[in-house]
Amino acid sequence: MYLYLPTHCFRCSVGAVYADSPARAAGLKAGDALLAIGPVRRADFVSVGETIVPLVKSHVGRPLDVVVARGQAGPSQRHLGLTLTPAEWSGKGLLGCALK
């Protein structure tokens with residue numbers, strides 16, 4: 001699925017994705033830029049701690065639609081719709097990825 005949204009819609013990116021994590025299962029990759037996660041859009045985003053953490057904690061075991069921009073900006077950049085389900089796993093946190 002390709003979605004064409006402006007890449008400046010969100011100010012958060014994936015720094016690392018850990019093996020056997022919910023993030024890996026969803027298809028997130030290091031370097032992905034988050035354009036949307038669940039109901040959160042640019043106007044609602046404050047910071048990872050203030051916006052994403054409460055959302056993730058309130059959706060444990062429930063899927064969240066995520067839109068990411070992948071690749072270099074320009075014609076080769078792809079916008080993808082993914083489904084991420086926060087969950088307890090063998091590692092730290094509920095997603096298994098570092099957001100920055």
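Visitor: Does Asp20 count as buried or exposed?
Guide: This is a predicted model, in which local features need pLDDT of at least 70, side-chain atom pairs count only at pLDDT 80 or more, and totals for chains, interfaces and linings use all residues. Residues are numbered from 1 along each chain as its sequence is written, and side-chain values use heavy atoms, leaving out hydrogens and water. Buried means under 20% relative accessible area, exposed over 50% and partly exposed in between, with a 1.4 Å probe and protein chains only. Because Asp20 has 68% relative accessibility, Asp20 counts as exposed.

Visitor: What is the phi of Asp20?
Guide: Asp20 sits in the loop between strand 1 (12-17) and helix 1 (22-26) (DSSP runs numbered from the N terminus: H or I of at least four residues for helices, E of at least two for strands). Asp20 is not a glycine, yet its phi is positive, at about 60°.

Visitor: How far from Cys12 is the nearest cysteine sulfur?
Guide: A disulfide is a pair of cysteine sulfur atoms within 2.5 Å, and the structure holds zero of them. Cys12 is in no disulfide, and the nearest cysteine sulfur, that of Cys97, lies at 8.2 Å.

Visitor: And is Cys97 buried or exposed?
Guide: Cys97 is likewise in no disulfide. Cys12 counts as buried at 3% relative accessibility. With a relative accessible area of 16%, Cys97 is also buried.

Visitor: Which element gives the most to the lining of the largest pocket?
Guide: On a 1 Å grid over the protein atoms alone, a pocket is an open set of points with protein on both sides within 12 Å along at least five of seven lines, a cavity is a set where a 1.4 Å probe fits but cannot get out, and lining residues have an atom within 4 Å of a point. The largest pocket holds about 280 Å³ of space; of its 14 lining residues, the closest to its centre are Val53, Gly93, Leu94, Leu95 and Cys97. Helix 2 (48-57) and strand 5 (97-99) each supply at least two lining residues. With five residues, the element that gives the most is helix 2.

Terms used
Points joined across faces, edges and corners; volume = space filled by probe spheres on them.
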